[in-house]
Amino acid sequence: MKKVILFAIVSVILFFGCQKEQAYDKSQALMSKLEIENVGKRHNEIVYEVIRSDKEYKSINEVIRNVDTKVTNEGSLINLNQSDAEAFGQGIPEKVLSRFNNHKSYSWVKKIFSIDFDNITLKEAVEHLSNIEKEAKNSILDKNELTAVLVSISVAKNSAELWMSKNQGGLALSEKIIKKQNFFSPELRDIGFDNTNIDGGSTSAKADPTKTKKTSIIVASDAIGAYTGFIQTAVLAPIPGANAAIAANTVLQGATASILSAISLW
């Protein structure tokens, strides 16, 4: 399984590193339109690959280890810290986003929480997200802050397709988790993050299994995970060729947030 995840993450680096630039006004954003679109696509591919595997996860640590890796040829990737990982596992992505309320992009990304992904179609979800995207492009955000919004929207669009039901126009990945009882061990399903945090200690909270807005929570988690990944590595932007590493780290954290959310929500 580790080889599967390693291959998936390394392929992210190669995928982004080999893309030719698509015509796009990069005076507006740090990354090209193609690079931004590919962030969302690769996020889905990695999450789907992990869900499809025959691996049974017995602990939160094991989930993190199997998704996390260091990729040195484009710069080391940084996965979620313990606090953020727990927040995603508890189904409260807004807690993670609140750490970035000093960023100008914060209020734009926060708009994702206003979309009810559980009760609209995929087409409607994409339209809502596209409206946020258009408004952000017309704002006075600098390159880094605008790109942070755009990659979050890209991941949210793709995440919505991944998790929304077939009746909504999505791929209904949650159904695959529910049917595949060996994906998470019974013990892990029962305890969520209790007594199994990243450092092996204990934590008192876990996601409420009765939450009804599960799709909205996981789409927001995916987007906020990607947002944190981008913000943490955007400082590399002045380095030639850094976009590949920034994009890969954005995908990595978005995918990890997605899988951790799925543990408690389904």
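This is a predicted model: local features need pLDDT of at least 70, side-chain atom pairs count only at pLDDT 80 or more; totals for chains, interfaces and linings use all residues.
Residues are numbered from 1 along each chain as its sequence is written, and side-chain values use heavy atoms, with hydrogens and water left out.

The protein contains twelve helices and zero strands; helices (H or I, at least four residues) and strands (E, at least two) are DSSP runs, numbered from the N terminus. Of the 266 residues in the protein, 55% are buried, where buried means under 20% relative accessible area, exposed over 50%, and partly exposed in between (1.4 Å probe, protein chains only). Among contacts with a separation of 6 or more, 75% join residues 24 or more positions apart; a contact means heavy atoms within 4.5 Å.

Helix H11 covers residues 214-233, and its 20 residues should span 28 Å at 1.5 Å a residue; its end C-alpha atoms are 29 Å apart, which agrees. The expected span is 1.5 Å times one less than the number of residues. H11 is mostly covered, with 19 of its 20 residues buried. Ser221 has its place in this helix and counts as buried because its relative accessibility is 0%. Apart from neighbours within four places in sequence, Ser221 is in contact with Phe88, Pro93, Ala257 and Ser261.

Two packed helices are described by the angle between their axes and the distance between the axes. Axes are lines fitted to C-alpha atoms, for helices over the stretch in contact, and angles run from 0 to 180 degrees between N-to-C directions. Angles under 35 degrees count as roughly parallel, over 145 as roughly antiparallel, 65 to 115 as roughly perpendicular and the rest as oblique. A crossing is left-handed if the near helix is turned anticlockwise from the far one by less than a right angle, and right-handed if clockwise.

The axes of H11 and H12 cross at roughly 150 degrees and come within 7 Å; the two helices are therefore roughly antiparallel to each other. H11 passes H12 in a right-handed crossing. Residues of H11 in this contact include Ile217, Ser221 and Phe230, and those of H12 include Ile246, Ala257 and Leu265. The residues of the contact of H11 with H12 divide into eight nonpolar, twelve polar and two charged. In this grouping Ala, Val, Leu, Ile, Met, Phe, Trp, Tyr, Cys and Pro count as nonpolar, Asp, Glu, Lys and Arg as charged, and the others, Gly among them, as polar.

H12 (residues 243-265) also packs with H2 (residues 33-52), at an angle of about 40 degrees and with the axes 9 Å apart. H2 and H12 are therefore oblique to each other, and their crossing is right-handed. Among the residues that meet are Val39, Arg42 and Ile46 in H2 and Ala247, Val251 and Ile259 in H12. The contact of H2 with H12 comprises eight nonpolar, five polar and two charged residues.

Two loop residues were also examined. Val235 lies in the loop between H11 and H12 and counts as exposed because its relative accessibility is 65%. The C-alpha atoms of Val235 and Asn144 are separated by 8.8 Å, although the two residues are 91 residues apart along the chain. Ala172 is found in the loop between helix H8 (143-163) and helix H9 (173-179), and at 2% relative accessibility Ala172 counts as buried. Most residues other than glycine have a negative phi. Ala172, which is not a glycine, has a positive phi of about 55 degrees.
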